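Please look over the sequence and the structure before reading on.

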Amino acid sequence: FRVRAWSPQSLQGTDEAALIEVLARRTIAQRQLIKEQYKQQVGKSLADDLDSELSGNFQKVVLGLLMLAPVYDAHELRTSMKGAGTEEAALIDILASRTTEEVKIINLVYKKKHDNSLEDDVCGDTSGMFQRVLVSLLTAGRDEGTAVDPALAVQDAKDIFEAGEARWGTDEVKFLTVLCVRNRNHLLKVFEEYKKVSGRDIEDSIKREMSGSLEEVFLAIVKCLKNKPAFFAERLYKSMKGLGTTDSVLIRTMVARAEIDMLDIKVEFFKMYGKTLYSFIKGDTSGDYRKILLELCGEDK
């Protein structure tokens, strides 16, 4: 790739259109080559130059696009915890949706970058049962096989029912033990059996039995197991509907899923809401921020 002269020393201002054209239309692998070429030809870090030249949400998208997937996830997790308050949505969206292998790599990247374990930082920033679920997800211990044990699925469904709907109060540990450990195929069978036992979808019972961040993380786990693109379509919709936009969720989802399942997310979005994701983004954002998100989204269909 031929690197354009984007160096602040050689330009009066920044050519945002060129940035969008080059970065948003390339793969992650191609963007890594562009970064290498830039460093060779200009003698500086492309990310550092763009960090100083850009600002706001457009800057966040551009810098996110320059990172490898696990680096971006680690960055988002760190950002969600540093400073006052915690953005629980970032912890939930990333840890509930990534594969066992992806979580292992994120842990390694985080440790190398911040010289502290992700688990330690999560434990220092969260508490209670919500913390325990996140730690369980961080251990990346979910069975990644495909085997289904019908008898165990029935028992798991009964155990969850008896831990929630069938008793006064909720035994959240039983939910954790099943939802964070069993493989996807097995859990889909558990959800079928649960409906037979309880007469409800597992999501409805979670909403009835739990609240706050704990409810959100268990719902995210279940939704990602059932239909991950639909989960992200819902996150995008909720980030834009109503007054204001939750830009952190919008940016993180668009950047992280662009090369993974954006086409599927767009299909699910239209099925769920009767409007295209493209039209939602166009109506809810503006300027270069809008342009780069629309480029990541792809055609209006």
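Which residues of the largest nonpolar core touch the most other members?

## Basis of the model

This is a predicted model, in which local features need pLDDT of at least 70 and side-chain atom pairs count only at pLDDT 80 or more, while totals for chains, interfaces and linings use all residues. Residues are numbered from 1 along each chain as its sequence is written, and side-chain values use heavy atoms, with hydrogens and water left out.

## The nonpolar core

The residues asked about are Phe218, Ile221, Met254 and Leu277, in a core of 83 residues; a nonpolar core is a set of buried Ala, Val, Leu, Ile, Met, Phe, Trp, Tyr and Cys residues joined through side-chain atoms within 4.5 Å, and buried means under 20% relative accessible area, with exposed over 50% and partly exposed in between (1.4 Å probe, protein chains only). Helix 14 (residues 212-240) supplies the largest share of this core, 14 residues, where helices are DSSP runs of H or I with at least four residues, numbered from the N terminus.

Leaving out residues up to four places away in sequence, Leu277 touches Leu236, Met240, Met254, Met262, Ile265, Lys266, Phe269 and Cys297, a contact being heavy atoms within 4.5 Å. Thr253, which lies in helix 15 (residues 247-257), counts as buried at 2% relative accessibility, and beyond its neighbours within four places in sequence it is in contact with Phe232, Leu236, Ala258 and Met262.

## One face of helix 8

Leu118, Asp121 and Val122 are buried in helix 8 (residues 118-125). Seen down the axis of helix 8, its buried residues fall within an arc of 100°, so they line one face of the helix; the arc is that of the directions from the helix axis to the C-beta atoms. These buried residues pack against helix 5 (69-81), helix 6 (88-97), helix 7 (100-114) and helix 9 (128-138).

## Cysteines

With a disulfide defined as a pair of cysteine sulfur atoms within 2.5 Å, the count comes to zero. Cys224 is in no disulfide, as the nearest cysteine sulfur, that of Cys180, is 12 Å away, and Cys224 counts as buried at 7% relative accessibility. The sulfur of Cys297 is 19 Å from the closest cysteine sulfur, in Cys224, which is too far for a bond; Cys297 also counts as buried, at 3% relative accessibility.

## Confidence

The mean pLDDT (the predictor's confidence in each residue, from 0 to 100) of the protein chain is 92, and 94% of its residues reach 70 or more. Over residues 8-12 the pLDDT is below 50, and this stretch has seven contacts in the model beyond near neighbours in sequence.

Conventions:
Helix = DSSP H or I, 4+ residues; strand = E, 2+ residues; numbered from the N terminus.
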